[in-house]
Amino acid sequence: MAKGFLYEKGVVKLVSTEWLAEHLEDPDLMILDTQPNIHDYIQEHIPGAVYMNEGLLRVPLGGLPGQYVPPEAIEPVLRRLGLKADVPVVVYTGKGPYKGWGDGLEQTMVAYSLARFGHKKVYVLDGGIDKWKVEKRPLSQEFPKVEESDFKVEVQRDFFVDMKEFKSLREQEDVVVIDARPPEVYQGQGPWCKPGHILGAINLPWKSLMDPNNPALLKPKNEILSILEHGKITPNKRIICSCGTGREATNQFLLLKEYLGYPKVKIYEGSFTEWSSHPDNPTATGPHPKGFEEKCYG
């Protein structure tokens with residue numbers, strides 16, 4: 001394994017702050033700051049980083065919120081960022097020094113989305129800018145010059161399933177559906193019109209895989225593998241990652257498919273928001289996948 005590469009199985013790789021520090025001056029490396037508010041970036045960012053807000057990635061579709069923008073809409077955005085197909089891009093986030101809104105998922109959401117839209121060399125900074133700061137590495141308030149690129153979007157359709165595909169797969173014997181949301185909303189009432197979770201989905205909260213003091217920093221590999229083994233989430237299974245809107249699930253999709261190299265992993269991008277918007281789709285409450293079926297809701 002290359003020095004500083006923590007996981008390097010797939011298109012999206014996990015890199016250390018040590019690796020980035022050693023490659024900070026590389027001309028063939030792009031750094032993308034995805035802190036939750038532009039003022040966070042203005043106040044401090046890793047030298048050379050360009051800012052992108054994850055809110056650019058999704059808009060409503062037919063009234064259903066949080067759906068990916070079409071490729072013809074995101075392509076000019078990615079070109080203005082200067083994204084190039086043959087240049088690695090390091091994505092990071094942080095809590096944010098100005099607003100403090102960051103939850104750690106900005107970097108997995110953006111990294112997944114870049115790979116989804118066809119970039120082949122995406123790196124995620126383990127621990128984000130907060131780990132970088134703890135290590136007293138350099139920060140900047142300078143804005144780099146960016147030349148518009150000719151990046152061509154190619155949607156990777158094999159990354160995800162829609163609701164029709166999900167329905168045909170979810171009850172098959174070798175399929176495991178993961179729900180990455182916190183236990184309290186998995187088991188009971190969250191902000192959705194239906195309570196609980198998709199019938200049969202197991203709860204693997206995304207934060208259970210992360211350092212308790214830094215939600216952008218993965219736990220040690222041996223701890224992660226133990227958690228996955230305990231949940232019977234194994235490479236021989238077909239795994240579908242889900243959550244509330246598809247955002248939390250990007251954390252687990254990247255971990256399983258891209259970092260660990262599990263061969264059969266997809267993400268249900270519509271997740272519980274789409275599922276619960278259809279009255280006939282059953283949900284379950286309680287701590288178990290089958291739980292107490294709640295067909296009457298909706």
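Which residues lie nearest the centre of the largest pocket? In this predicted model, where local features need pLDDT of at least 70 and side-chain atom pairs count only at pLDDT 80 or more, totals for chains, interfaces and linings use all residues. Residues are numbered from 1 along each chain as its sequence is written, and side-chain values use heavy atoms, with hydrogens and water left out.

The largest pocket is lined by 20 residues, and those nearest its centre are Pro-27, Leu-29, Met-30, Gly-82 and Lys-145. A pocket is here an open set of points on a 1 Å grid over the protein atoms alone, with protein on both sides within 12 Å along at least five of seven lines, whereas a cavity is a set of points where a 1.4 Å probe fits but cannot get out; lining residues have an atom within 4 Å of a point. The space in the largest pocket amounts to about 440 Å³, a volume being the space filled by probe spheres set on the points, with grid points joined across faces, edges and corners. Its lining divides into eleven nonpolar, three polar and six charged residues, where Ala, Val, Leu, Ile, Met, Phe, Trp, Tyr, Cys and Pro count as nonpolar, Asp, Glu, Lys and Arg as charged, and the others, Gly among them, as polar.

The second largest pocket holds about 300 Å³ of space. Gln-67, Arg-116, Asp-162, Glu-269 and Gly-270 are the closest to its centre among the 20 residues that line it. Two or more lining residues are given by each of strand S5 (58–61), strand S6 (64–68), helix H4 (106–116) and strand S9 (160–161), and the largest share of this lining, four residues, comes from S6. Helices (H or I, at least four residues) and strands (E, at least two) are DSSP runs, numbered from the N terminus. By class, the lining of the second largest pocket has eight nonpolar, five polar and seven charged residues.

Helix H4 is mostly covered, as eleven of its eleven residues are buried, where buried means under 20% relative accessible area, exposed over 50% and partly exposed in between (1.4 Å probe, protein chains only). The buried residues of H4 include Thr-108, Ala-111, Ala-115 and Arg-116. Just after H4, Gly-118 takes a positive phi of about 110°.

One cavity of 30 Å³ or more is counted, and the largest cavity holds about 80 Å³ of space. Of the 13 residues lining this cavity, Thr-108, Met-210, Leu-218, Asn-251 and Tyr-259 are the closest to its centre, and the elements that give two or more residues to the lining are H4, strand S14 (214–218) and H9. The lining comprises eight nonpolar, four polar and one charged residues.

An open sheet is formed by five strands in the order S9-S16-S15-S10-S12, with parallel pairing; two strands pair if DSSP finds at least two bridges between them. The edge strands, each pairing on one side only, are S9 and strand S12 (202–203). Strand S9 runs parallel to strand S16 (residues 265–268) and is joined to it by two bridges, with Val-161 having Tyr-268 in S16 as its bridge partner. Helix H9 (residues 249–259) packs on the sheet, touching strand S10 (175–179), S15 and S16, and its direction makes about 170° with that of S16. Contact means heavy atoms within 4.5 Å, and axes are lines fitted to C-alpha atoms, for helices over the stretch in contact, with angles running from 0 to 180 degrees between N-to-C directions.

Parallel pairing is also found for strand S8. Four bridges join S2 to S8, with Val-124 in S8 the bridge partner of Leu-14, and three bridges join strand S7 (residues 89–92) to S8. Both faces of S8 (residues 122–125) are covered, with Val-122 and Val-124 on one side and Tyr-123 and Leu-125 on the other, all buried. Val-12, which lies in strand S2 (residues 12–15), counts as buried at 0% relative accessibility. Val-12 and Val-124 are 112 residues apart in sequence but 7.2 Å apart in space, C-alpha to C-alpha. Not counting residues up to four places away in sequence, the contacts of Val-12 include Ala-111, Ala-115, Leu-254 and Tyr-259.
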